[in-house]
Amino acid sequence: MELLKQRILEEGVVLSDQVLKLDALLNHQVDPMLTMEMGREFAGRFADAGVTRVVTVESSGIAVAFATAYEMKVPLVFARRKKTLLADPDALCERVPSFTKGIVTDIMLSRQFISPDDKVLFIDDIIANGDAARGLIKIIHRSGAELVGLGVVVEKSFQAGARTIREQGIRLESLVRIMSLSDGKIVFDE
């Protein structure tokens with residue numbers, strides 16, 4: 001997505017050779033027009049998958065997942081991040097580390113909102129190491145639902161997350177792939 005690349009170059013802030021801050025686009029402020037365009041792009045890419053539900057992890061993935069669900073005319077469900085070790089008895093939970101937050105959290109998805117009849121499209125904002133994504137994928141599998149794919153706004157291809165997901169045989173579509181943040185420069189992977 002050329003528009004997204006341009007906005008990342010204009011508004012992204014390289015904090016290190018591992019971290020790209022996208023607060024102006026995804027993680028703090030949301031551009032509704034750009035977000036709806038990203039949702040249309042994901043909806044088009046997965047139009048043939050029979051999606052019945054879009055899922056994401058709170059909170060940064062919600063806006064793009066909403067736009068995708070809106071375009072596909074299906075419900076959106078987001079996994080909550082739990083702060084306690086007490087699991088809701090009707091929820092599917094998984095403990096995951098957060099690369100950018102530097103902490104471990106629990107994510108949970110109520111069984112009420114996902115079933116074995118669902119064909120699920122997982123939408124996320126950024127994939128780096130892929131820990132949160134792998135956690136939500138485990139939850140989806142435990143629910144009995146079929147994961148039809150993962151749509152990621154930004155893939156940091158120099159980190160292992162997306163590769164490890166693809167190695168599981170999961171279809172992963174990225175709107176933008178970044179191959180380097182070295183020397184404070186964003187280099188896209190064509």
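Student: What does asparagine 27 count as by its relative accessibility?
Tutor: Its relative accessibility is 26%. Buried means under 20% relative accessible area, exposed means over 50%, and partly exposed lies in between (1.4 Å probe, protein chains only). So asparagine 27 counts as partly exposed.

Student: What kind of model is this, and how are residues numbered?
Tutor: Side-chain values use heavy atoms, without hydrogens or water, and residues are numbered from 1 along each chain as its sequence is written. Local features need pLDDT of at least 70, side-chain atom pairs count only at pLDDT 80 or more, and totals for chains, interfaces and linings use all residues, as this model is predicted.

Student: Which residues does the UniProt annotation "binding site" cover?
Tutor: The entry is unreviewed. UniProt positions follow the numbering used here, feature names are shortened, and annotations may be inferred rather than shown by experiment. The record's "binding site" covers Leu20, Asn27 and Lys156.

Student: In which strand is leucine 20?
Tutor: Strands (E, at least two residues) and helices (H or I, at least four) are DSSP runs, numbered from the N terminus. Leucine 20 falls within residues 20-21, which form strand β2.

Student: Is leucine 20 buried or exposed?
Tutor: Its relative accessible area is 8%. Contact means heavy atoms within 4.5 Å. Beyond neighbours within four places in sequence, leucine 20 has contacts including Ile8, Val14 and Lys156. At 8%, leucine 20 is buried.

Student: Which residue does a cis peptide bond join to glutamate 58?
Tutor: Most peptide bonds are trans. Here omega is about 0 degrees, and the partner of glutamate 58 is serine 59.
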